[in-house]
Amino acid sequence: MKEAVKCEGLSKTFKRKEKVVALDNVSFTIPKNEVFGIVGPNGSGKSTLIRILSTLLIPDNGYAQIFGHDVVREYSKVRPLINRVSVDAAFFKGISAWENLRYAGRLYGLGSKETKQKTLDILGQLGFDEKRYYEPLENLSRGMQQKIAIARAFFTAPMLLLLDEPTTGLDPRSKMEVQEFVHRAMDSNGLTIVLTTHDMKEAESLCDRVAIIIKGRFVALEKPSTLLKKSGKSNLEEVFIDITGKEWKEIEYES
Amino acid sequence: MNLKAQAYGSIAFIERNFALIKRYIGWEVVFLTYNIVNALAIGLIGARMGKDMVLYLVVGAMVWGFLSILFHEISESIAWERWEGTIEYTFMAPINRFTHLIGNCLHAVTYGVIRSTLILVLVVLFFGISLKGANLPALVIILIVSGLSFVGLGLIAAVLPLLSTEKGAYATHIFEAVLLLVSGVYYEIEVLPVWIRPLSYISPATYTLRAMRAALLQGTGLGELLPTIVLLLVTGSILIPLGIIVFRQAEFYAKKTGKLKRSG
Ligand SMILES: Nc1ncnc2c1ncn2[C@@H]1O[C@H](COP(=O)(O)OP(=O)(O)O)[C@@H](O)[C@H]1O
Ligand SMILES: [Mg+2]
């Protein structure tokens, strides 16, 4: 079997009032079954990369393959294999979790029974109260909505999961529940995960390898333990300062 | 996914759109009431001029209502997805754009036919008009066939909210307003200034209205209406694929320039 993900020279510039270089010549491969972390400050290009892998954005240069299929030319082969969670839980807010998930399921060829059973199972593991499954989503807290987003991504049984800051902005408890769920899912057969995060500790505990991205470039790509060993630091946050010469927070303010 | 799965997938959109209608049922009642009252009010303009004038005007209100529904349901199903940000999830799902759009269109046509029929029935009851001489089957056939062309136009219009949520909505309304003016909804197109009339001749609504009036007022038979039916079928079978092609082009452009994104 081919690598789960292979990117070569990916670049993307957005042309608005000013040109923004969101991704600048990024190359990497992810073997099957790996949890691949991407950490970087706001605006460093994490979501842009995730969107390219999701077939939602076409790169200017370079290519990306998912299980050997090009994301631009062979998107119809890529789509059944992937799913995604983004920071903002995008749903039809007026209707219930159930109605949203039933819709999502049908897009992946799943019937309503199967959808209900699978999503309730996942939501149960995430500590989601089943009663609220039938309530309009706009009544639910951000944490609950994000759990539904997690269920939406996992229940279609993708081979590659793209988790784009799944825990950003969550209350500590929801955050922990989501992290624990991801941790358990990691062991399931054949699942490969790309996880972007703000949270160095999350990257350290969940990821097999971590890429540090700044201004659209990968400035480091190692196992967390290797990163720590090489730099002689005790946590990734310090490694980050070491590489960039800047405080994590400083970079955030700049962007 | 195979053909069966794709057909199955189009159910997703019908089901979802009806779930949204159910959720905002209050608005549904408001719009329906408004449509009915509007049709009655327009019919009443012709009350002194006899039953034929009433029917003439009511057909206008009905066809206009039908066209607006198709148009809006289709382009709003895209606009709505953009507001909610779900468009990215729909677009990355393993479903053909054809399935996606046809699902939305099927919903719009079903919904439009139900509403238009309801309005016609209520108007007929309100005015106590006898439809004895009318050719009702022809009426329904023309309504459905015209739906194909309106769906095609709706698909082309749906490109606008895909590229820009807000400006897209403006443009859709203006497009619709032009159709209202040129298609002879409440008058014969001959009363329009000559320079506008070429637009009347290319609007499928013009032919729909003529044929429906003939079927309802003169009881014209299907044989005589056949040329119009064929014309509408041909227009529809050009406009729908064209709409899908244009939509896919716009999708490509949006993915190239990053226009799909809402935030995050
Ligand atoms: N669709 C888009 N249109 C215009 N600019 C964008 C778009 N997506 C991202 N950007 C810009 O590209 C840069 C990288 O953004 P993003 O990939 O979202 O970063 P991150 O997810 O790391 O916060 C930012 O400057 C952002 O404003
Ligand atoms: Mg982001």
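With which side chain does the side chain of B:Glu88 make a polar contact? The partner is the side chain of A:Arg51, at 2.6 Å. A polar contact is a pair of N or O atoms within 3.5 Å; within protein, one atom must be able to donate a hydrogen and the other to accept it, and residues adjacent in sequence count only if both atoms are side-chain atoms. B:Glu88 belongs to helix H4 of chain B, residues 87–91. Helices (H or I, at least four residues) and strands (E, at least two) are DSSP runs, numbered from the N terminus. B:Glu88 has 5% relative accessibility and therefore counts as buried. Buried denotes under 20% relative accessible area, exposed over 50%, and partly exposed in between, with a 1.4 Å probe and protein chains only.

The model is predicted: local features need pLDDT of at least 70, side-chain atom pairs count only at pLDDT 80 or more, and totals for chains, interfaces and linings use all residues. Residues are numbered from 1 along each chain as its sequence is written, chains are lettered from A and ligands numbered from 1 in the order in which they are written, and side-chain values use heavy atoms, with hydrogens and water left out.

Ligand 1 lies between chains A and B. It is surrounded by 14 residues, where a residue is near a molecule or strand if one of its heavy atoms lies within 4 Å of it. The closest are A:Gly43, A:Lys46, A:Ser47, A:Thr48 and B:Gly258. In chain A, strand S2 (19–30) and helix H1 (46–53) each supply at least two residues of this shell. The largest share, three residues, comes from H1(A).

For A:Thr48, an N or O atom in the side chain is 2.6 Å from a ligand oxygen. For A:Ser44, a backbone N or O atom lies 3.1 Å from an oxygen of ligand 1. For A:Gly45, a backbone N or O atom also lies 3.1 Å from a ligand oxygen. Taken alone, ligand 1 exposes 560 Å², of which the protein buries 79%. Accessible areas come from the Shrake-Rupley method with a 1.4 Å probe; for residues, only the protein chains shown count as cover.

Two non-glycine residues of chain A have positive phi. A:Glu165 has phi near 50°. It sits in the loop between strand S7 (160–164) and helix H6 (172–186) of chain A. At 7% relative accessibility, A:Glu165 is buried. A:Lys215 has a phi of about 45°. Its loop joins strand S9 (209–214) and strand S10 (217–222) of chain A. A:Lys215 is exposed, at 61% relative accessibility.

In chain B, B:Gly85 occupies the loop between helix H3 (51–84) and H4. B:Gly85 is buried, with 8% relative accessibility. B:Gly85 and B:Lys261 are 176 residues apart in sequence, yet 7.4 Å apart in space, C-alpha to C-alpha.

The structure holds zero disulfides over all chains, a disulfide being a pair of cysteine sulfur atoms within 2.5 Å. A:Cys7 is in none; the nearest cysteine sulfur, that of A:Cys207, is 16 Å away. For A:Cys207, the closest cysteine sulfur is in A:Cys7, and the 16 Å between them is too far for a bond. A:Cys7 is buried, at 1% relative accessibility. A:Cys207 is buried, with a relative accessible area of 7%.
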